[in-house]
Amino acid sequence: MSHNIPEKKACAPVETPVWVCFECGKANKSFAKFCGGCGVPPKGAFSRYAYQLKSYLKKIEQIFSSTGRKAVISLAIVGILGTSFLGLSELSATQDNYAKVKWGQIRAYISKTFRLTNSELDVLIGKILKARPEISANINVNHLIELESAIRFRLRDSRVSLFPNPFFPRPDRIITNKNEKPERYVFSDIPIDHPAYQALKSLLDIGINCTKENLAFAPYKKVAWQDWYNTSKSLAELLSLDSVFLAGIEASRSGYINNYELNKIFSSIREKFGLAPRETFAWSSEPYFPSRLEAYSALSSLIHELE
């Protein structure tokens, strides 16, 4: 006696949401904050659905002349709404704050790439974090720089590179901290693609890091006199020009620097270097306090003029 046994149907594979890099065309997973192929951030990138919509709209353009206007607009609206629900929320997930990158995500990526066990990686990151590693622990780019050095030593291979990866791009702008190892860091409180790196380029290139505690730059905070003195002292020592960069700046002065005082400092430096006089900060009826980003960018610009 024969029985008709229904044939089992293969389950359709579950597609992982992705966004497509317009620089190299690589499809990246939704949680990736940077392209795993070229390292660019997903600014302007579309999700897979939006990427498909791009070709879909091209087809609409081709048939626009031979199809009723209302029908075409209806199709476009349906496509756009579908992308909004399926793709745009997914894209926003790729632009989360850097602080939300977890050790479990990084560990899984490194383990597959370099064939290191989770236990080995936990030991390495534990030494860096100075604590027992939890998979939910936040990992920043400085931790990853140190981990890269540790893995190179562990594998005896100086070619090992953890950048770029789905979470961080290659840090092309680094700052030097001579008191700690390794001597490669980025600011701990702003992302690698923040405009501060370009604005401070001339200072960073000569090893003036402008950081506060824990390698933070605090770009939008007021400029403390003590911080400005420390930076000026570093510049004076580096360039052997104490009388230029430390003129009128007292080591013991407290509080914040206002625009009048910064203009006086910059005017003095420009005069001593023979540069044309220029108003660095706008004058106002009442003094205001420029941000650290404004002040240090102006100093970096001045160094660039001297170059």
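1. The buried residues of helix α10 are covered by elements that include α8 (225–239), α9 (242–245) and α11 (292–306). The model under review is a predicted one. The residues of α10 that count as buried are Asn259, Glu261, Leu262, Asn263, Ile265, Phe266, Ile269 and Arg270. Helix α10 itself runs over residues 259–272 and has 14 residues. From its first C-alpha to its last, α10 reaches 20 Å, close to the 20 Å expected at 1.5 Å a residue.

2. Both ends of α10 deserve a remark. Just after α10, Gly274 takes a positive phi of about 75°.

3. For the chain as a whole, the count is 11 helices and three strands. In sequence order, the pattern is β-β-β-α-α-α-α-α-α-α-α-α-α-α. The chain has 307 residues, of which 40% count as buried. Its accessible surface comes to about 18,300 Å², and 55% of that belongs to carbon and sulfur atoms. Among contacts with a separation of 6 or more, 64% are between residues 24 or more positions apart.

4. Salt bridges are the next topic. How many does a search of the whole structure find? The search finds 12. One of them joins Asp227 and Arg292, whose closest N and O atoms are 3.2 Å apart. This pair links distant parts of the chain, since Asp227 is in helix α8 and Arg292 in helix α11, 65 residues apart. Asp227 and Arg292 are both buried. They also belong, with Lys212, to a network of salt bridges.

5. A salt bridge also forms between Arg278 and Glu305, with the closest N and O atoms 3.3 Å apart. Arg278 lies in the loop between α10 and α11 and Glu305 in helix α11, so the pair ties together parts that are 27 residues apart in sequence. Arg278 is partly exposed, at 47% relative accessibility. Glu305 is likewise partly exposed, with a relative accessible area of 35%.

6. Within helix α5 (residues 141–155), Glu148 and Arg152 are four residues apart and therefore separated by about one helical turn. An α-helix has 3.6 residues a turn, so residues three or four places apart point the same way. Glu148 and Arg152 form a salt bridge in which the closest N and O atoms are 3.5 Å apart.

7. Which residues is Arg107 in contact with, leaving aside its neighbours within four places in sequence? They are Asn118, Leu121, Asp122 and Ile135. With Asp122 there is also a polar contact of 2.9 Å between the two side chains.

8. The peptide bond joining Phe163 and Pro164 is cis, with omega about -10°. Pro164 is found in the loop between α5 and α6 (196–199).

9. Two residues other than glycine have a positive phi. Ala218 has a phi near 50° and is found in the loop between α7 (201–205) and α8. Ser240 has a phi of about 55° and is found in the loop between α8 and α9. Are these residues buried or exposed? Ala218 is buried, with a relative accessible area of 14%, whereas Ser240 counts as exposed at 61% relative accessibility.

Definitions and conventions
Residues numbered from 1 in each chain as written. Predicted model: local features only at pLDDT ≥ 70, side-chain atom pairs only at ≥ 80, totals over all residues. Heavy atoms only, no water. Polar contact = N/O pair within 3.5 Å; in protein donor to acceptor, adjacent residues only side chain to side chain. Contact = heavy atoms within 4.5 Å. Buried < 20%, exposed > 50% of the residue type's maximum accessible area, 1.4 Å probe, protein only. Areas by Shrake-Rupley, 256 points an atom, 1.4 Å probe, with all protein chains shown as cover. Expected span 1.5 Å × (residues − 1). Salt bridge = Lys/Arg side-chain N within 4 Å of Asp/Glu carboxyl O.
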